[in-house]
Amino acid sequence: MSYIKPAFHHPSLKPNKVGYLKKDYRGVISTLCAGCGHDSISGAIVQACYEISLEPHKLAKLSGIGCSSKTPTYFLSNSHGFNSVHGRMPSITTGANMANKDLIYLGVSGDGDTASIGMGQFVHAIRRNLNMVYIVMNNGCYGLTKGQDSATADFGSISKEGNANPYQAIDLAGLALELNATFVGRSFSGDKNQLVPMIKAAMSHPGFAFLDVISPCVTFNNTKTSTKSYSHVRDHIEATSTLDYVPFEEEITVDYPEGESAEVELFDGSKIHLSKLAPDFNPTDRFTAVNRLHEAKSKGQILTGLLYINPESKDLHNLMGTSDKPLNQFKQKDLCPGSTKLEEINRAFR
Amino acid sequence: MKPTDTKDPEYFHKVVDCQYACPAHTPVPEYIRLIAQQRYTEAYMINWESNVFPGVLGRTCDRPCEPACRRGRVEEEPVAICRLKRVAADNKGEVKHLMPQGPFEMNGKKIALIGGGPASLTVARDLAPLGYEIHLYDEWNKGGGMMRTQIPAFRLPEQVLDEEVNYILDMGVHTHFNTFVDSMKGILDKKYDAVFVGTGAPKGRPLRIPGYEEGKDNIHIGIEFLAAVAFEHRETVGGKVIVLGGGNTAMDCCRTSKRIGGEEVTVVVRSPRKDMKASSWEIKDAELEDIAIFNNMPPKEFVIENGKLKGVTFGKVRAEYDENGKRSLIPTGESDVFIEADDVIIAIGQDNAFPWIEKDLGIEFGKWEIPVLDKTTFQSTLSHVFFGGDAAFGPENVITAVAHGHQAAVSIDLFCKGESIHDRPDPMTNLVSQKMGIHEWTYDNDIAADLRYQVAHADKSVTLKDRKMEVELGFDHIEGFKEAQRCLNCDVQTVFTTNLCIECDACVDICPTDCITFTDNGEEADLRTRLSAPAENLSQDLYVSEILPTQRVMLKDEDVCLHCGLCAERCPTAAWDMKKYLYNVTKAYQ
């Protein structure tokens with residue numbers, strides 16, 4: 001069994017704008033089951049970071065516990081990382097983000113880590129519009145403990161264990177919309193054409209960017225009767241649009257047919273271009289998104305794509321009015337200005 | 001694109017770049033693995049079956065395999081395939097009992113081989129075990145041909161050559177040494193069932209510029225000079241020597257001169273350095289022995305003083321190339337250069353020579369006096385006369401002569417059996433899974449990052465004093481192992497089964513060289529631009545699956561696949577498997 005990846009790379013793949021090769025964004029060889037959807041999502045993260053020419057030290061990857069939360073080891077080996085407690089990734093991210101607002105925060109979680117033990121943390125991070133990308137690698141089961149149905153397993157779905165799930169599923173994208181998350185997308189690990197631009201857009205979004213990525217568990221939940229298997233998702237997938245992410249300094253070179261496309265400009269000047277747009281779908285209108293999600297669910301379809309974006313999003317730092325300079329760069333002198341200053345402040349309240 | 005037909009024996013053969021490039025199609029990765037396992041005897045036998053002279057070739061081969069080696073496309077230098085072959089030859093155990101054992105049951109057919117070089121010896125080896133009575137004619141007192149007369153002993157020790165020549169002669173070959181064949185008619189009159197001409201390219205080109213006739217005593221033809229030294233007819237040369245020419249013979253001449261009295265030895269080449277025909281390593285080895293090489297200097301005149309050669313005058317030129325790459329040498333206008341010399345050796349090329357073949361026998365010759373031959377069967381216009389080696393299509397090298405010998409032997413065998421020589425048996429191929437466990441393979445699939453190891457040389461203070469002392473010391477066991485581990489095992493093929501694939505992308509994500517893509521089908525030129533990494537090397541194929549359930553196809557660019565097996569390790573359904581492909585070229589005796 002291989003445990004070290006060969007150091008060679010394809011000679012026609014050139015370094016990106018900041019001088020890194022794609023392999024510089026990779027991690028060590030995955031120890032997840034062969035064929036796990038999570039590895040594809042890791043691959044999409046690698047691809048996205050290479051393509052946007054991210055400097056690896058400008059990103060922190062954080063995770064909780066679970067198969068999904070192991071994945072940060074398998075991508076971006078040159079970035080910062082924190083593998084935290086089960087369901088507590090949002091708290092750690094909040095702390096890190098408060099201390100250093102200059103990094104991109106990429107939180108990776110699973111359906112157990114988010115929809116069960118971490119639910120309380122998850123909803124509050126949304127409520128505060130914490131500036132982070134929150135990816136749920138959603139396989140509908142607890143793979144690390146032999147594949148029991150998770151809280152996102154659809155009603156009636158039958159995994160390898162063989163019994164239909166008697167409980168209603170938590171739709172994380174629906175919940176995020178309900179809580180007014182400022183960026184909500186859903187995708188599928190087997191569709192990198194959609195997932196890669198969505199990750200890029202999420203990284204540009206100032207605020208909480210939530211990506212619910214269906215990611216089949218090949219070992220426990222890839223049966224024909226499971227609603228989270230490769231074949232079921234492929235047969236029932238429905239996209240709101242196809243997505244293009246256009247970085248700030250780049251020109252749009254593709255001709256998009258009118259009427260079927262929309263463009264959303266992000267805070268940093270980059271653009272998301274949506275084409276082959278479903279009729280009457282407006283990605284900046286939360287109500288259509290909620291309705292569409294319900295409609296699709298009632299038809300047994302899985303609605304994917306960028307579901308909602310609030311271009312006016314104001315993140316937690318903005319809401320709290322923190323200083324422009326990241327807190328971790330303040331020296332003791334700045335933070336403890338001394339007794340004379342304290343006296344002055346106290347006097348102001350008298 | 002249409003799905004790749006992996007049943008075509010040439011598809012996977014082409015993926016094994018080294019084997020494909022080898023004229024004799026030696027299964028290179030197979031023997032390199034054996035060397036890593038220190039199974040030298042088996043490694044030697046794989047070579048012997050395919051290229052007949054592993055000890056000789058492990059020292060002197062032109063190495064067409066190395067520029068083809070995949071390793072050279074992912075890092076700086078290819079695997080030292082040639083020198084690994086020598087490791088097998090140097091360390092092998094007893095091999096004779098593994099070779100065909102005579103006496104063979106005779107089939108009553110008699111074959112004459114004219115010339116005792118690599119091509120003829122290969123024919124002898126392939127046909128003798130089948131019961132043919134082989135008669136080998138050579139003008140020298142020993143077999144080996146140009147391997148003996150043109151390759152100096154400091155590159156190829158005589159005992160190595162003798163050993164490998166004798167393996168063949170000991171199969172009951174009737175040798176007619178010291179016999180210069182001066183009439184083809186005489187041979188044909190002896191009623192052989194077939195005649196094979198392997199007389200090489202024995203005529204060195206002269207250089208007829210002013211002063212040639214007067215200076216003749218000290219102006220020598222390269223291959224004649226080397227032969228004279230090899231047979232000890234010449235033991236010294238003057239202190240100042242000029243070698244004219246930029247090929248491997250020139251390199252052998254200058255290094256030989258350095259060992260038999262040449263103190264100031266200079267090689268002068270009329271063309272630029274990059275156009276020199278000599279192998280880069282042979283040029284390097286000459287320079288290591290303090291031999292100066294001057295380029296862009298065509299000789300103008302042999303300067304004679306008092307009836308004796310005094311030196312050579314050279315002009316100065318620069319090379320210019322037109323849009324077709326055709327070179328012309330333009331004089332620079334600089335003044336001529338005179339270089340002093342006691343002896344001049346001309347090594348500017350060699351030609352076939354067939355003055356001994358009478359023109360009325362039905363053997364036709366074409367342009368440049370080259371015989372008219374069928375390119376596959378090596379049959380001449382006289383049906384029972386075959387040609388091979390340098391005698392066939394002009395000067396090449398030992399490994400090409402061996403390849404010709406194998407094919408000519410197939411033709412001769414079919415011909416003598418009264419069968420069509422165009423109906424040739426297929427190559428032997430075999431494709432077997434290397435899976436031993438879930439993630440275990442029979443081959444070592446870790447990719448070593450080591451750079452190419454250099455072969456150590458004996459100190460020149462010693463080697464320059466003894467023309468028979470071998471310069472290269474060869475790899476020892478440890479270096480041999482490490483160099484062998486650089487091999488990417490390209491014969492272990494990535495084999496894809498479309499109906500097992502669930503399109504999970506695991507192989508795409510893990511592939512360290514981004515070779516694999518799942519995408520919509522299209523024309524090849526278009527597909528090459530929209531893969532995970534653009535497939536710019538058009539000489540390498542794209543492996544295309546059948547249509548998958550999502551209507552896409554799997555495409556794999558064979559160019560820089562490391563054969564690391566990670567795609568197969570990460571495949572949940574074993575749609576990818578690593579299978580070893582063995583390809584043995586058709587031979588008369590296998």
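In chain B, helix H3 (residues 28–36) packs against helix H20 (residues 477–485) at an angle of about 140°, with the axes 8 Å apart. Axes are lines fitted to C-alpha atoms over the stretch in contact, and angles run from 0 to 180 degrees between N-to-C directions. Helices are DSSP runs (H or I, at least four residues), numbered from the N terminus. The contact involves Ile32(B), Ile35(B) and Ala36(B) of H3(B). H20(B) contributes Gly480(B), Phe481(B), Ala484(B) and Gln485(B). Contact requires C-beta atoms, placed from the backbone, within 7 Å. By class, 5 residues are nonpolar, 2 polar and none charged.

The model is predicted; local features need pLDDT of at least 70 and side-chain atom pairs pLDDT 80 or more, whereas totals for chains, interfaces and linings use all residues. Residues are numbered from 1 along each chain, and chains are lettered from A in the order in which they are written.

The contact between the chains takes 31 residues from chain B and 27 residues from chain A. On the chain B side, helices H7 (71–74), H21 (506–510) and H23 (566–569) each supply at least two residues. H21(B) gives the most, with 3 residues.

In chain A, Ser323(A) lies in the loop between helix H10 (316–320) and helix H11 (332–335). Ser323(A) is exposed, with 11 other C-beta atoms within 10 Å (exposed: 12 or fewer). The C-alpha atoms of Ser323(A) and Lys101(A) are separated by 9.8 Å. These two residues are 222 residues apart along the chain.

Definitions and conventions:
Contact = placed C-beta atoms within 7 Å. Nonpolar A, V, L, I, M, F, W, Y, C, P; charged D, E, K, R; others polar. Buried ≥ 20, exposed ≤ 12 C-beta atoms within 10 Å, placed from the backbone.
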